[in-house]
Amino acid sequence: MTAFPAGTFTPAPGRGRIGRMLFVHARTEAILTLRNSEQILLTLLIPVALLVGLTAVDVFDLPRPRVDSVAPRVFALAVMSSAFTGQAIALGFDRRYGVLKRLAATALPRWLLVAGRALAGLVVVAVQLVVLGVLAAVLGWSPEPAGLAWALLLAVLGTLSFGALGVLLGGALKAEVVLGLANIVWFVLLLGGGIIVPPGAMPGALGDITALLPSGALTQGMHTALVDGGVPGWPVFAVLTGWGVVAALLATRTTRLS
């Protein structure tokens, strides 16, 4: 007499459920990102330090309370740090160590690999914004409620746009080059991309050029939504969408598995 009915251990080959595969892949990517100490430095520690520092120290003139103007800038920085710099570096080293090549050999479709990373990026950004939002509230931040939904939309769009740029960089160059270049771009955009230094404080036409960068557009949109309580202008969405679409199209041609 057998202990199990016939067929209990019969193999049932076939692809798993798409939703389940996407969930597991996105969860794994998000956990790996949040466990990485270098990623935590980019995604949380630096934004937290800037949020507290720029609120407490008069680096440049801002309306009072300073935290109301500082918070949208730090939110934009957090999105860029995670979606662009963190994504580019992680992808570059995944290629170097053969992670992408091995994942491509599994039953996961190529589009699901991309979708899983994108979803994980959104999860990480959500964690960042919650932590930074709570800290900003402790510092006295009082956003305009009418702009919260627009700020959330901008965070999603900014994550996708910067994520595409991160894939473009991390999918084409060697890991060591990606590491150095991604940090240089992050630093340049932090100081000259409209995040820390307001475009109005920049000399000549530099402020106008900054508005055409994804960092400047995201910061401007966040400021309009959270400080003014207004609807961000269409140029903000156009700039973010344009950079994201162009980067995604280029990435499909240049990204390599190893």
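Author: A helix axis here is a line fitted to C-alpha atoms over the stretch in contact, and angles between N-to-C directions run from 0 to 180 degrees. Keep in mind that this is a predicted model.

Reader: Thanks! What is the chain built from, helices or strands?
Author: The chain has 10 helices and 0 strands. Written from the N terminus, the order is α-α-α-α-α-α-α-α-α-α.

Reader: And what box do the C-alpha atoms fill?
Author: Along the principal axes, the box is roughly 80 × 40 × 35 Å.

Reader: Let's do helix packing. At what angle do the axes of H2 and H5 cross?
Author: Roughly 25°, and the axes of H2 (residues 37–56) and H5 come within 11 Å. Angles under 35 degrees count as roughly parallel, so H2 is roughly parallel to H5.

Reader: Is that crossing left-handed or right-handed?
Author: H2 passes H5 in a right-handed crossing.

Reader: Which residues meet there?
Author: From H2 you have Thr43, Leu44, Pro47, Val48, Leu51 and Val52, and they meet Val124, Gln128, Val131, Leu132, Leu135 and Ala136 of H5. By class, that contact has 10 nonpolar, 2 polar and no charged residues.

Reader: Nice. How do H5 and H6 pack?
Author: H5 (residues 110–138) and H6 (residues 148–170) pack at about 130°, and their axes are 10 Å apart. That angle makes H5 oblique to H6. The crossing of H5 and H6 is right-handed.

Reader: Who touches whom between H5 and H6?
Author: On the H5 side, Ala118, Gly121, Leu122, Val125 and Leu129 meet Ala155, Val156, Thr159 and Leu160 on the H6 side. The contact of H5 with H6 splits into 7 nonpolar, 2 polar and no charged residues.

Reader: Switching topic to pockets: what volume does the second largest pocket have?
Author: The volume of the second largest pocket is about 270 Å³. It has 16 lining residues, and the closest to its centre are Phe75, Leu129, Ala151, Leu152 and Ala155.

Methods: Residues numbered from 1 in each chain as written. Predicted model: local features only at pLDDT ≥ 70, side-chain atom pairs only at ≥ 80, totals over all residues. Heavy atoms only, no water. Helix = DSSP H or I, 4+ residues; strand = E, 2+ residues; numbered from the N terminus. Parallel < 35°, antiparallel > 145°, perpendicular 65-115°, else oblique. Left-handed = near helix turned anticlockwise from the far one by under 90°. Contact = heavy atoms within 4.5 Å. Nonpolar A, V, L, I, M, F, W, Y, C, P; charged D, E, K, R; others polar. 1 Å grid on protein atoms, 1.4 Å probe; cavity = no way out; pocket = protein on both sides within 12 Å on 5 of 7 lines; lining within 4 Å. Points joined across faces, edges and corners; volume = space filled by probe spheres on them.
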